[in-house]
Amino acid sequence: MEEIISTIQADTATAADFAALRLPESYRGAVVLKDEAGMFEGMASRDKDPGKSLRVQDVPTPPLGPGEAIVAVMASAVNYNTVWSAVFEPVPTFGFLERYGRTRPGAAHHDRPYHVVGSDLSGVVLRTGPGVTRWQPGDRVVAHCLSVELESADGHGDTMLDPEQRIWGYETNYGGLAELALVKANQLMPKPEHLTWEEAACSGLVNSTAYRQLVSRNGAGMKQGDVVLIWGAGGGLGSYATQLALNGGAIPVCVVSDEHKARLVRSMGAELVIDRAREGYRFWKDEHTPDPREWKRLGARIRELTGGDDPDVVFEHPGRETFGASVYVARRGGTIVTCASTSGFQHQFDNRYLWTSLKRVVGTHFANYREAWEANRLIARGMVHPTLSVTHPLDEVGEAARAVHRNLHSGKVGVLGLAPRTGLGVRDHELRARHLPAIDRFRGDTTPK
């Protein structure tokens, strides 16, 4: 590993130098273990601690197959699917690995009693498998998390519709929270060279997801002037949605959980902000009973802020807690675009407000390669900025996941892989200098506990 790190840090290293590097027989990765999948049985989701199930250990380096690449991971990030993996919800991920392992002989090695998790990375290509021509050893890359086979006709209009579509590091093994990662070559994209390794690593999943939800014709198809209600606008997904809405000429109405995050979204240029904690919104009377009066109160508040307009688009990802309100407040003919459901997967809403007002619910899930590439291009051009707030060493991945699970963070939480410290990896210093205040906006910010 030291030889790999020194070669990456050498400015004069060539593709031949990287190709000549010996791959280690094993590497350190953040894993959950199959024989511990029942450790939280009987506990409420909020009480499960991902820091107890996530551990860093040595795992064998996987074999390299056709169309694949092995990447030296310089940095990664925690996403909510890391939390789901670590608390074994909604189901343990080992069922995904078992099913993938049965699909073809070349996938059998994904079915292991450990799961190396993580769906983001920045790093350097070390090896490519047969059939890979676009990438070579030494290329500096980031990875999106769509793993797809494309053997079915269903995926050739939109790869997210392929029946063999999976999320790398969640439904496949050898994810990004590690020193090495195994990816398909068509997951790779150029690293934005004005960013550090940890900054470049944090945007792949959430920025691509937000791009498909809001901008793509596969999502809401947001246009200039649209009023867009963004839940969790100071968090990992919402902070990118806010930037995309502002860039696209939309009018974001940003819902946040405290004044700290309200200040952050205002600093991005958002003017219409709802602090749901300060304003005391409670969308459920009890565990089983929604409160439509609170939906109406939220709708009135949105109209007050917008001068009488209802949201054309609702950017929905909390799920159970907010979905009824989202359906209610969307304008007549408006769109509720939904993914994730971090507060619960069982949604309850009053269908009269959907049906009689001709509203649409659109489900989206990550992004296809083209959408991810376009989202990464916005990062590389300095038009959308990473919202990294704090970075942990790999050994503290459990603590990082715990912060995300308990919403004790702003923006994204990064994790170093092979990078010996933060602040490395920048090549375009001029572009960085122009955008440094925006790049650093979330830096060191964590929500007061």
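The questions and answers that follow concern this predicted model.

Q: Why is C202 called buried?
A: The word buried applies under 20% relative accessible area. C202 has a value of 0%, and therefore it is buried. C254 also has a relative accessibility of 0% and counts as buried.

Q: How many cavities of 30 Å³ or more does the model have, and what is the volume of the largest?
A: There are 2 cavities of 30 Å³ or more.

Q: What makes a residue part of the lining of the largest cavity, and which residues lie nearest its centre?
A: A lining residue has an atom within 4 Å of a point of the cavity. For the largest cavity, 16 residues meet this rule, and V142, A200, S203, G204 and N376 lie nearest its centre. The elements β6 (140-143), α6 (197-201), α7 (204-214) and α13 (369-380) each supply at least two lining residues. Of the elements, α13 gives the most, with 4 residues. By class, the lining has 10 nonpolar, 5 polar and 1 charged residues.

Q: Which strand gives the most to the lining of the second largest cavity?
A: Strand β9 (residues 180-184) gives the most, with 3 residues. The residues that line this cavity include L182, V183 and K184, and among the others are E68, Y100 and W168. The lining divides into 4 nonpolar, 5 polar and 2 charged residues.

Q: Why is β9 described as mostly covered?
A: Buried means under 20% relative accessible area, and 5 of the 5 residues of β9 are buried. L180, L182 and K184 point one way from the strand, whereas A181 and V183 point the other way. In a regular strand the side chains alternate between the two faces of the sheet.

Q: How do you know that β3 and β9 pair?
A: Two strands pair if there are at least two bridges between them. Strand β3 (residues 68-78) is joined to β9 by 5 bridges, and the two run antiparallel; therefore they count as paired. One of the residues involved is I70, whose bridge partner in β9 is L182.

Q: What makes β2 and β4 edge strands?
A: In an open antiparallel sheet of 3 strands, the order is β2-β1-β4. β2 (55-60) and β4 (114-116) each pair on one side only, and they are the edge strands. Strand β1 (residues 26-33) is joined to β2 by 6 bridges. The bridge partner of A30 in β2 is V56.

Q: Which residues lie nearest the centre of the second largest pocket?
A: They are P66, E68, R104, E149 and K184, from a lining of 17 residues. The pocket has a volume of about 250 Å³. Its lining comprises 7 nonpolar, 6 polar and 4 charged residues.

Conventions
Residues are numbered from 1 along each chain as its sequence is written. This is a predicted model: local features need pLDDT of at least 70, side-chain atom pairs count only at pLDDT 80 or more; totals for chains, interfaces and linings use all residues. Side-chain values use heavy atoms; hydrogens and water are left out. Buried means under 20% relative accessible area, exposed over 50%, partly exposed in between (1.4 Å probe, protein chains only). On a 1 Å grid over the protein atoms alone, a cavity is a set of points where a 1.4 Å probe fits but cannot get out, and a pocket is an open set with protein on both sides within 12 Å along at least five of seven lines; lining residues have an atom within 4 Å of a point. Grid points are joined across faces, edges and corners, and a volume is the space filled by probe spheres set on the points. Ala, Val, Leu, Ile, Met, Phe, Trp, Tyr, Cys and Pro count as nonpolar, Asp, Glu, Lys and Arg as charged, and the others, Gly among them, as polar.
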